[in-house]
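Please read them with the structure open.

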Amino acid sequence: MTAAEIADAVASGRLTARAAVADALARIAALDGRVNAFTDVTGERALSAADALDARLARGEPVGPLAGVPFAVKNLFDVAGLPTRAGSRINRERPPAGRDGALVRRLEAAGAILVGALNMGEYAYDFTGENVHDGPSRNPHDLAHMSGGSSGGSGAALAAGLVPLTLGSDTNGSIRVPSAFCGCFGLKPTYGRLSRAGSFPFVGSLDHLGPMARSTRDLALAYDAMQGPDPDDPVATRRPAEPVLPGLEAGTGDLRIAVAGGYFARGGDPEVFEAVRRAAEALGAAAVVEIPEAARARAAAYVISAAEGAALHLDRLRTRAADFDPAVRDRLLAGAMIPAPLVERAQKFRRWYAGAVAALFETVDVVLAPATPCRAPRGGETTLVLDGVAMPLRPNIGVFTQPLSFIGLPVAAVPVWPEAGLPVGVQVVAAPWREDRALRVARALEAAGLARAPVAVGMESPPQEAA
Amino acid sequence: MSPSPDPAALGAYVDAAAPLLGLAIAPDWHEGVVAHLSAILAAGARFDGFALPDEAEAAPVFEAAP
């Protein structure tokens, strides 16, 4: 069931919140051993919250739009009672969080029920979903393949049907990459749109939080429940909430939609460009636009990420370097040594680039681009081969996501399925603060039957049969 | 900045910078750190020469009060 279907069934009395939560817990118990999406299951807390919600319903009290919907969050979100590990060994020695992160509180205020925390790449510096401490999250559509990262557990939990809704973070692509690899919908909102209070940071200049789900309606429901200013996050917008659900079905007739050419039309496997072409065809979008200086934008995001990440972790690098994932440690150590002028120049370029892309959005409302240069690679793979040229896999997975998050553009990741095999992600990109347009287009692709996020074959059945 | 600094020079830079930053680079990490720094500097070289006026502001803007 989707989140919307669960909430509807719970609100109308056809399903109790306890039954919805118990089903999610049973599925996690039966299936998570295969996909390794969860690092913590908060079963007792979830059942207690479900009973409280059922009691409110029994008293005739109003419940929110996500009543009884089980959800789980990347383990960089604070969860009261758990140390916020952020995929690391070091952080699990921290004291337990005193209260939930802001977005967890907002989802629960809307009636959703937290059932656990999800696996992720260490400190979110990752696109693979592999984790040296907790083991890799695996792609439910083919367990030998990567989930993508760094919100790997958030994608794997959805594609395995463990929960209908998860939260992730996206600094350079960490929501959009696992959405693409695991075949689910994801929303990286505008930078500053959703509060980051009560989450463990990575790169303050680029960090975003957002929802992932198996339908666009569920994305919109969750996104609307989480919007609104928050003085606890100085970057959070002071704009009031701008709900997208009321306009989700408005169609795309009034939107100017184009495909991103140039940088976004090369350097990937043919099937990722074919997915973008099919999406454009379904939308009747014939125009091609060029996002200017995307390669420089990616390079600047790369430098800022390494520098700010290193500054964040400098004390841990001084005292605990051997306890990091080696792949993360060496990048962070290098990041600490970047000459300062490069970082400042990257930030100056960023403002120029934001202006140039804003000018582009005077002529177009929505731009389509591939999410990743390839479909989910096999677990443990370290090389990406494009046009016969081998390159390091890890950094290059983000080649198409990084130039967009760099200037905080809202992007919906939409799963499109080739004739056979693993899914491909298409990025639906809009101007800042126009998540509504990105989601309307994502919905149109879903309604047209092109985009869909099924539970993996073999994992659809109820847990007692799947075990 | 040079887009592809000589690996030996970069290794010497890493050796000099580490103690200034209070960092200790274990011998078997050295090659990885140098490789990552080389990749970062190559990325930096892509925008380092991008001409912007002296008056260009950086993206982050400080606000003295809301």
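1. Strand E13(A) is mostly covered, with seven of its seven residues buried; a residue is called buried if 20 or more other C-beta atoms lie within 10 Å of its own, exposed if 12 or fewer, and partly exposed in between, the C-beta atoms being placed from the backbone. Helices (H or I, at least four residues) and strands (E, at least two) are DSSP runs, numbered from the N terminus.

2. This is a predicted model, in which local features need pLDDT of at least 70 and side-chain atom pairs count only at pLDDT 80 or more, whereas totals for chains, interfaces and linings use all residues. Residues are numbered from 1 along each chain as its sequence is written, and chains are lettered from A and ligands numbered from 1 in the order in which they are written.

3. In a regular strand the side chains alternate between the two faces of the sheet.

4. E13(A) pairs in the antiparallel sense with strand E9 (residues 366-370) of chain A over five bridges, and Val366(A) stands opposite Ala430(A); two strands pair if DSSP finds at least two bridges between them. E13(A) also pairs in the antiparallel sense with strand E12 (residues 411-416) of chain A, over six bridges.

5. Trp433(A), in the loop between strand E13 (424-430) and helix H14 (435-447) of chain A, has a positive phi of about 70° although it is not a glycine. Trp433(A) counts as partly exposed because it has 17 C-beta neighbours inside 10 Å.
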